[in-house]
Amino acid sequence: MLNVGVMKKGSLVIVGTGILTPAHLSQESINRIETADVVHVLVPDPLGLSTITKLNSNIKNLGELYFDPKSNKNGKNRLDGYKLMIESILSDVRLGLKVCAIFYGHPGIFVYPSHECISKAKKEGFDAQMLPAISAEDCLFADLGVDPGDLGCQAYEASQFLFYRHSINTSAMLILWQIGVVGDETLTKFKPSENGMAMLKEKLLEHYPANHLVTLYEASTLPTMEPRIAEINIDKITDIQINAITTLYIPPLANPALNTNFCKRWNVDISQLQ
């Protein structure tokens, strides 16, 4: 790691808007936006972009670099578009500018460009950091009234859950992200692949009964909008509308079995655990 004394002049801070802009913007993030030389922005709605523009008018809209499957604009898939965003951000850092990059939600959760930018900037000798923000997971815990500390929590990107051999603990909650593009290994679609939801149903039925009640969740993105909370049996998930921001929450099947032998060996008072 380079010493601070030899850091180059340019710098990078990456912040998140949270899910509900501007309400979720932290005061620290606002300060970094206002004091930046240039601000690179990727947000999904005009309200978010307008809010940020009021804080700093020197804006570069990363949305213009997003992959367009209809025209192959900005590359052949989403990854190509992300690489263009990375280069756009780092080019200004290399010019010696104080750069702030803003991403929707938490900037470190399902945001490939943010992690790549920080890694590359640090390797090139620039000061780079990420600030925390409110994520869709934070909203899910609040809106569904569930606590990951009760029985534990496991979370996977939906396609990764399908294609890899994960050990699933059915005694803990399971959260599956990005089911809006589940089954798409090409990174070119903005909807589930042709068999995506059928594959997901089959995979879930390997671990849960068909009548296990799960929740399709979408956080509120506007002050006037209610979150989407739709409960459905697993065997019916192929029959329901899936949107780009849909998340699937699967509650635990039952409490975990107590490891009585271990507890007795270490003189744990089991009566305090039941």
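Predicted model: local features only at pLDDT ≥ 70, side-chain atom pairs only at ≥ 80, totals over all residues.
Buried area is the accessible area that two parts lose on being put together, summed over both.

The chain has 274 residues, and 43% of them count as buried. Its C-alpha trace spans about 60 × 50 × 35 Å along the principal axes. Nine helices and 10 strands are present. Among contacts with a separation of 6 or more, 61% join residues 24 or more positions apart.

Two domains divide the chain. Domain 1 covers residues 11-134, and domain 2 covers residues 137-250. Their centres, taken over C-alpha atoms, lie 27 Å apart. Domain 1 brings 15 residues to the contact, and domain 2 brings 17 residues.

Together, domain 1 and domain 2 bury about 1,300 Å². Carbon and sulfur atoms carry 70% of that area. On the side of domain 1, three residues stand out: L20, R78 and F110 supply 46% of the area that this domain buries against domain 2, more than any other three residues.

Polar links between the domains were also counted. The rule finds one salt bridge across the interface of domain 1 and domain 2. One residue pair is in polar contact between the two domains, with both residues at pLDDT 80 or more. The side of domain 1 that touches domain 2 has 11 nonpolar residues, two polar residues and two charged residues.

R78 also takes part in a salt bridge: its side chain meets that of D184, with an N to O distance of 3.9 Å.

Note on methods: Residues numbered from 1 in each chain as written. Heavy atoms only, no water. Domains from an automatic or database assignment. Contact = heavy atoms within 4.5 Å. Buried area = accessible area lost by both parts, 1.4 Å probe. Salt bridge = Lys/Arg side-chain N within 4 Å of Asp/Glu carboxyl O. Polar contact = N/O pair within 3.5 Å; in protein donor to acceptor, adjacent residues only side chain to side chain. Nonpolar A, V, L, I, M, F, W, Y, C, P; charged D, E, K, R; others polar. Helix = DSSP H or I, 4+ residues; strand = E, 2+ residues; numbered from the N terminus. Buried < 20%, exposed > 50% of the residue type's maximum accessible area, 1.4 Å probe, protein only.
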